[in-house]
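Colleague: Before we discuss this model, I would like to go through the terms you use for it and hear what each of them rests on.

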Amino acid sequence: MTGGFWGKIDQAGRNIAPLAVTVALMLIGMAPLHLPGYAAIAPALPLMALYYWVIHRPDLLRPSLAFGLGLLQDLLSGTPLGMTPLIYVLVYWGVLTQRRFFLGTSFAMLWFGFALIAFGAGFVGWLAYSILNLRLLSPDPALMQALMTVVLFPPFGWMFMRIHRAFLQH
Amino acid sequence: MKSRTTGSVVRLAAPLRALAQRFSFLLLVLAAIALMMVGKIDTVLVEGMRNRVTDAFTPILEAISRPAATAARFVESVHDVINLHGENERLRNENASLLRWQQAAQRLDAENRSLRSLLNYKPELASSYITARVVADPGGAFVRTVVTTAGHRDGVRPGQAAVAGQGLMGRVVQVGEWSSRVLLVTDLNSRIPVVIEPSRQRAVMAGDNSGQPKLLYLPGDVSLAVGDRIVTSGHGSMFPPGLPIGLVASVSDNSVRVQPYVDLGRVEHLQLVNFGLPGGLGANDPAIGAGGLQ
């Protein structure tokens, strides 16, 4: 894959894989599964993708893209505009500062780091939504959602690794 | 992870880049906060953006929701087969009691008609129904909404009631060209004037993001029992009176909770109802901006 028009096209296609995976997960996560009570605790799939790609390829998922992803999610899901961009940018910043710690360590460490990030994101979301509604809301739904997200991380993490190897390593 | 060898990642770690990056994070955080304020102040602008983006993504969401619905239906059919015997028994009993109700209803219907003919009674306004598919329930931990496939071109207008099966689900808060968003009765911002049927006591049913909304503004001496029927009161010209919502699920000193008839997590198709009320909530009614989505 050295130079050439098609080579560049190919490389560009590979480089948008992280963004494409994150957007696809966001849309899939919105599909109604018709399970009672599921919508409230549906795992935050884009958060998993964001975490993985910021650790492994932050050059392909810039902070501004994370902001844009959050904006799209807010517009689609009816959450107050700006709330999800705030969460994603803070997550991005948090992960990037600890990136060297997670990179190359075991999967268990990667999972543990994600647990911290997921609960942190849940807390920021809960705080922002409480402030926007001018009342202290129950933190339980955000906690349950974070827990669900952490529990379901391994299969998605494995999938990200496969995509990472398939498209971005030569 | 071999990605560390990639050139651009190493360059990223340069101190200059790090400094610029830190500033960009600060800017992005401030931009997010600014957006939240814009969303609070200029709801019309934000609504317009939401409509356009939801319209654009509805076909994709619809395509994704079909296999999800198929999978859900499969799980349900397995579940149904397991419960077949018990269900049959239950339906037999229900059928017997419904036949008794049918007799009562026919008698009351005849009586009602003869009494109406004695008075100069004005019949209720005709209503039309728009059926739509639920293609997304994207709210996450904080918002209870669903996105449907009917929009402005199908006759959906903000403020219309969404009903499914036996009762009220919520109301339309956002209408795009071919998509719309329904705020469920369980959402934190949902407020619906209701009547408790046996006592005709009025109250406001307020969602709090749990599965069972609360009743507000009840007087202290009201007589309430678990199982009392809750219907819309028709006040505020939002919904017509008498639309069934649910049953009183629990009564304690400081809160009365209502279990909606509709299993909100499992609705696949819903009906948006145009009752043709003269004073219905329009798009520019301030009540929507205040109580609805930002």
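Modeller: In this predicted model, residues 24 or more positions apart account for 58% of the contacts in chain B with a separation of 6 or more.

Colleague: What makes two residues count as being in contact there?

Modeller: Their C-beta atoms, placed from the backbone, have to lie within 7 Å. Burial is judged from C-beta atoms as well, and 32% of the 294 residues of chain B count as buried, which means that each of these has 20 or more other C-beta atoms within 10 Å of its own.

Colleague: How do you know that strands E1 and E2 of chain B are paired?

Modeller: DSSP has to find at least two bridges between two strands, and 2 bridges join E1 (residues 128–136) to E2 (residues 145–148), so the pair meets that requirement. The two strands run antiparallel, and Ala136(B) stands opposite Val147(B) in E2(B).

Colleague: Which strands of chain B make up what you call a barrel, and in what order?

Modeller: In chain B, 6 strands close into the barrel in the order E1-E2-E5-E4-E3-E12, with antiparallel pairing. Neighbouring strands of this sheet are turned by 45° against each other on average, direction ignored. Chain B has 5 helices and 12 strands in total, and one of the helices, H3 (residues 43–82), lies across E1, E2, E4 (167–175) and E5 (180–184), running at about 75° to E1(B).

Colleague: What does H3(B) contribute to the side of chain B that touches chain A?

Modeller: The contact takes 51 residues from chain B and 47 residues from chain A, and H3(B) provides the largest share of the chain B side, 13 residues. That side divides into 30 nonpolar, 13 polar and 8 charged residues.

Colleague: Where does the record place transmembrane regions in chain A?

Modeller: UniProt, in an unreviewed entry, gives that feature for residues 38–55, 75–95, 107–129 and 141–161 of chain A; such an annotation may be inferred rather than shown by experiment. In the model, residues 38–55 are 83% helix and 0% strand, with the end C-alpha atoms 29 Å apart, while residues 141–161 are 95% helix and 0% strand, with the end C-alpha atoms 30 Å apart.

Colleague: Into which domains is chain B divided, and how far apart do their C-alpha centres lie?

Modeller: The division gives domain 1 (93–123) and domain 2 (128–291), and the C-alpha centres of these two domains of chain B lie 27 Å apart.

Methods: Residues are numbered from 1 along each chain as its sequence is written. Chains are lettered from A and ligands numbered from 1 in the order in which they are written. This is a predicted model: local features need pLDDT of at least 70, side-chain atom pairs count only at pLDDT 80 or more; totals for chains, interfaces and linings use all residues. Helices (H or I, at least four residues) and strands (E, at least two) are DSSP runs, numbered from the N terminus. Axes are lines fitted to C-alpha atoms, for helices over the stretch in contact, and angles run from 0 to 180 degrees between N-to-C directions. Domain bounds come from an automatic or database domain assignment. Ala, Val, Leu, Ile, Met, Phe, Trp, Tyr, Cys and Pro count as nonpolar, Asp, Glu, Lys and Arg as charged, and the others, Gly among them, as polar. A residue is buried if 20 or more other C-beta atoms lie within 10 Å of its own, exposed if 12 or fewer, and partly exposed in between; C-beta atoms are placed from the backbone.
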